[in-house]
Amino acid sequence: MELTSTPFLVTLIAVTALAMLAALLLWNRISGPGWVRWPARVLMIGLCQLTAICGVATWINGDYGLYSSWDDLLGTGAGQDAGSMTGPPPGRATFTQDGDGTRTTYFRGSHSKLAGQVTVWTPPEYGAPGTERTRFPVLMLLHGHPGTPRTWMDLGNMPGALDQLVQLGAAHPFIVVIPEIHPGGVNTDCSNTPQRKVADWLAQDVPDLVARQFRTLPAPAGWGLMGVSTGGFCAAKLPLQYPKVFRAGAALDPDPLTGDPQVLADRTLRERNSPMWLVEHAKKADVGLFPATSAQDKDSPPGQLEAFTKAAAGSGVRVKTLVRPEGGHNFQTWIGMYPEALGRLSTQLAPPSAR
């Protein structure tokens, strides 16, 4: 039985109960001299304590995800791969309040078997009187590589910039979700590989967790992404791969839309996970994409946006691009793109609704 399985925990509870019952029934029935009876009684007490401790330890491990398997517990695994990542399962993930109004949790996804941090911010409208039955659209923010969810708050002026646009009537109030895009520190361009199912983490595990704990609009009409750099690449590709989860994506200075050989060495895997290949093979996908860059950004040249727009022609994918005259590959430039990007996403995604 698996270490974290319910049958294993139930078995331990049953064994503990049987050990206690056996101690009660046999306590005065042990025959022989005292030097035989008392060691036998001590062994029975020890067995009761051991089984009880194992049961409690297994229950705690199930809640906190300290060890994910027997190999992980015994130290016999091959290393830190996806299967050895630990964390609470989605049903036991708990969000803790941060000082900036965000809430953060750490959990292990049931689809990807990856574990990572997720930060969530709810707009002021979420807790306003009379909105108890209102559901809100979700904006997932994808950081670059290297980077962490905190990058959006520390450098990206989020969620403050979004809240300002909402107050101006230029964007919807969104529930903001900021996950790790490379759990365990391994960058796969948000793709599923034989070793790490990062696309499943972002498109299944994180949405399942957020929809379970917050009042979100149903997917895909109320779910979109905005990413920068590597996260921009992901924001362009995930709606094409998972149109039943995400309706729209804004890709700010995305990495090469044909894929990066240094990230995915396998040519076929890289091609099939690139926005360029995906949009060429999209079949009337109900998806809106907003790629943006600056004329001075050598890491994300305007030419790739033109090529992407041409590739999307006839696919049904709605593409609107933005090329700013100047700006580098940094948050100073990306913050300047927020009004157009968030405004575009607000036209593609449903507004808050009491349904």
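Figure 1. For comparison, a disulfide is defined as a pair of cysteine sulfur atoms within 2.5 Å. Cys48 is buried, with a relative accessible area of 14%, while Cys54 is partly exposed, at 31%. Here buried means under 20% relative accessible area, exposed means over 50%, and partly exposed lies in between (1.4 Å probe, protein chains only). Because the model is predicted, local features need pLDDT of at least 70 and side-chain atom pairs count only at pLDDT 80 or more, whereas totals for chains, interfaces and linings use all residues. Residues are numbered from 1 along each chain as its sequence is written, and side-chain values use heavy atoms, with hydrogens and water left out.

**Figure 2. The disulfide between Cys190 and Cys234.** How many disulfides does a search of the whole structure find? The search finds 1, and this disulfide joins Cys190 to Cys234, with an S to S distance of 2.0 Å. Cys190 lies in the loop between β5 and α6 (198-213) and Cys234 in helix α7 (residues 230-241), so the pair ties together parts that are 44 residues apart in sequence. Helices (H or I, at least four residues) and strands (E, at least two) are DSSP runs, numbered from the N terminus. The torsion about the S-S bond is about 85°, so the disulfide is right-handed. Both Cys190 and Cys234 are buried.

Figure 3. Is α7 mostly covered or mostly uncovered? It is mostly covered, with 11 of its 12 residues buried. Among the buried residues of α7 are Phe233, Cys234, Lys237 and Leu240. You can check the length of α7 yourself: at 1.5 Å a residue, its 12 residues should span 16 Å, and its end C-alpha atoms are 16 Å apart, which agrees. The expected span is 1.5 Å times one less than the number of residues in the helix.

**Figure 4. Strand β4 and its two neighbours.** Strand β4 (residues 138-142) has 5 of its 5 residues buried. Val138, Met140 and Leu142 point one way from the strand, Leu139 and Leu141 point the other way, and all are buried. β4 pairs with strand β5 (residues 175-179) in the parallel sense over 3 bridges, and Leu139 stands opposite Val176 in β5. With strand β6 (residues 223-228), β4 also runs parallel, and 5 bridges join the two. There, Gly227 in β6 is the bridge partner of Leu142. Two strands count as paired if DSSP finds at least two bridges between them.

**Figure 5. A network of salt bridges around Arg150.** Which residues are linked in a network of salt bridges? They are Asp100, Arg150 and Asp154. A salt bridge here is a side-chain nitrogen of Lys or Arg within 4 Å of a carboxyl oxygen of Asp or Glu. Arg150 forms a salt bridge with Asp100, the closest N and O atoms being 3.0 Å apart. This pair links distant parts of the chain, with Arg150 in helix α4 (residues 150-154) and Asp100 in the loop between β1 (96-97) and β2 (103-108), 50 residues apart. The side chains of Arg150 and Asp154 also meet in a salt bridge, at 2.8 Å from N to O. Arg150 and Asp154 are 4 residues apart in helix α4, so about one helical turn separates them. An α-helix has 3.6 residues a turn, so residues three or four places apart point the same way. Arg150 is partly exposed at 33% relative accessibility, as is Asp100 at 35%, whereas Asp154 counts as exposed at 52%.

**Figure 6. The salt bridge between Asp286 and Arg247.** The side chains of Asp286 and Arg247 meet in a salt bridge, at 3.5 Å from N to O. Asp286 sits in the loop between α9 (275-280) and β8 (288-294), and Arg247 in the loop between α7 and β7 (248-252), so distant parts of the chain, 39 residues apart, are linked. Arg247 is buried, with a relative accessible area of 17%, but Asp286 is partly exposed, at 40%.
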